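Q: Could you take me through how to read sheets, helix packing and individual residues in a structure such as this one?

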Protein chains: 2
Amino acid sequence: MKIELAEKYGFCFGVKRAIKMAQNSYGASTIGELIHNSKEIDRLKEEYNVKTLKDIDELSDEKKVIIRTHGITKEKLKYLEEKKDLEIINATCPFVTKPQQIVENMSKENYEIIIFGDIEHPEVQGVMSYSLSPVYVVSKVEDLENIKIAKKIAVVSQTTKKIEEFEKIVSYLLERAKEIRVFNTICNATFENQEAARKLSKKADIMLIIGGKNSSNTKQLYLIAKQNCPSSYLIESEAELDKTWFEGKELCGISAGASTPDWIIEKVVASLKSYGL
Amino acid sequence: MKIELAEKYGFCFGVKRAIKMAQNSYGASTIGELIHNSKEIDRLKEEYNVKTLKDIDELSDEKKVIIRTHGITKEKLKYLEEKKDLEIINATCPFVTKPQQIVENMSKENYEIIIFGDIEHPEVQGVMSYSLSPVYVVSKVEDLENIKIAKKIAVVSQTTKKIEEFEKIVSYLLERAKEIRVFNTICNATFENQEAARKLSKKADIMLIIGGKNSSNTKQLYLIAKQNCPSSYLIESEAELDKTWFEGKELCGISAGASTPDWIIEKVVASLKSYGL
């Protein structure tokens, strides 16, 4: 069996940057998981004593906190900044800071704010907290049906969403609003990983997507792969592999979410090779 | 045979307003045809002595000029304003003034301007003249392929264009630009006439679209009708009717372009009734 990695996969710019910042902050605590990958979080704990707090209410005598790639709400940031003797290491991905600023500025200019994303996602909760007026979060075009559309609308997207649904949302709004200001805040890395996974899944007869099962962008990769290659599997590590999946297969394609470190991918590839298929 | 008029058809707000202004300006000259309907232009000439000049170079000793619904370029307006003793009656439709202002303002804010429309159309030529920077005019999404897309783009539409192609254009841009400011300058009247023609053409077994053959919105109505009802005809007046078209037909649907006066529609209906079918 041939093994082929997608042309683009794995760690994005923002995640690489956050991990570097964490490695330079021995003994710090992150507010929420730094990235959506439990294995990498364990490694940072072991090697750099970087702890993970569930939320700011778990803070006690910390000296250094790390804000994760997804960002944090404006209110929580203010709370942290007001704490004396607390060093804040802000590892919010710059591609997430962008929609935060856009939402703040557009709400000041009296645009109604619509965010394309999942309301439960920490990135979206951070972004929406920057609006000075009420915000609508929609995860699909149908969600717009219950909203009274204003004349002037600003739209941003969660960085890890798919462009196709974003376009449907914009088209729907275009038919109903007079002015729409659309900021394409979908991250290129996500898009490039998606395109590469799409391409590879069209020729592979089995696809492995490696990443955290709670990672939004990993799940998107899995859905894309599944569309083209019915034998697609989402795994967090080599421990979940099942040799029977690969019987009779000729090409195994591999992609990985933006929070999946290379060392996990390497372990999966090593296990596959050990099968001798 | 039953005759049914579309729920919405004919004269729009801007055309009604322009004709009223012309009727109040006895002896004035319009720069270009006031509206795209030669019969109505003849009536204004006969009843109100309103003449039609091809362009500003035909001006001689006129005392009053009327700017038609489509508007005029910024340069031509300036030229007219500089003429002493010339009264300017500006009948530019307010829905056309809007994209003119948007294009001027957006180009001042350094947005690259894209106009969805036909470059030959006088409305588009007027609108594009208000940009302080180069403008791209596209009539379909494929036209964008030769353009190097800027990061910040402002998009307006010719008032009489169809929303579906506008949405395709916006989607294409969304995948390539960081910010798009979309102004839906498509006129509701056009849209409502189109929707009503679509609805009626689905049940009619013959459709008549009445309007100028050089009128963009009339041609759009005809294309929509033709999609649903193969026996669709575009006529300028009752003189073009052919009784054989109606043989064996049960429901004749009628719609009319935004520059078609009611008196022309009434004559068509009267002719149809005279057939006694």
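The dialogue below goes through these features in turn.

Q: What should I know about the model before reading it?

A: This is a predicted model, in which local features need pLDDT of at least 70 and side-chain atom pairs count only at pLDDT 80 or more, while totals for chains, interfaces and linings use all residues. Residues are numbered from 1 along each chain as its sequence is written, chains are lettered from A and ligands numbered from 1 in the order in which they are written, and side-chain values use heavy atoms, with hydrogens and water left out.

Q: How do I read a sheet, and in what order do the strands E1, E10, E11 and E12 of chain A lie?

A: Helices (H or I, at least four residues) and strands (E, at least two) are DSSP runs numbered from the N terminus, and two strands pair if DSSP finds at least two bridges between them. In chain A, four strands with parallel pairing make an open sheet in the order E1-E12-E10-E11. E1 and strand E11 (232-235) of chain A are at the edges with a single partner strand each, so one side of each has no neighbour in the sheet. From one strand to the next the twist averages 20°, where axes are lines fitted to C-alpha atoms, for helices over the stretch in contact, and angles run from 0 to 180 degrees between N-to-C directions.

Q: Is strand E12 of chain A buried or exposed?

A: Buried means under 20% relative accessible area, exposed over 50%, and partly exposed in between (1.4 Å probe, protein chains only). Six of the six residues of strand E12 (residues 251-256) of chain A are buried, so this strand is largely enclosed by the rest of the structure.

Q: How is helix packing described, and at what angle do the axes of H7(A) and H8(A) cross?

A: One gives the approach of the axes, the angle and the hand. The axes of helix H7 (residues 188-203) and helix H8 (residues 216-228) of chain A come within 8 Å and cross at roughly 25°. That makes H7(A) roughly parallel to H8(A), since angles under 35 degrees count as roughly parallel, over 145 as roughly antiparallel, 65 to 115 as roughly perpendicular and the rest as oblique. The crossing of H7(A) and H8(A) is right-handed; a crossing is right-handed if the near helix is turned clockwise from the far one by less than a right angle, and left-handed if anticlockwise.

Q: Which residues of H7(A) and H8(A) meet, and what does H8(A) lie across?

A: With contact meaning heavy atoms within 4.5 Å, A:Asn193, A:Gln194, A:Ala197, A:Arg198, A:Ser201 and A:Lys202 in H7(A) meet A:Gln220, A:Leu221, A:Ile224, A:Ala225 and A:Asn228 in H8(A). By class, the contact of H7(A) with H8(A) has four nonpolar, five polar and two charged residues, where Ala, Val, Leu, Ile, Met, Phe, Trp, Tyr, Cys and Pro count as nonpolar, Asp, Glu, Lys and Arg as charged, and the others, Gly among them, as polar. H8(A) also lies across E10, E11 and E12 of chain A, and runs at about 165° to E11(A).

Q: Where is B:Pro261 placed?

A: B:Pro261 is in the loop between strand E12 (251-256) and helix H9 (262-274) of chain B, and at 2% relative accessibility B:Pro261 counts as buried. Leaving aside its neighbours within four places in sequence, B:Pro261 is in contact with B:Phe11, B:Asn37 and B:Glu40.
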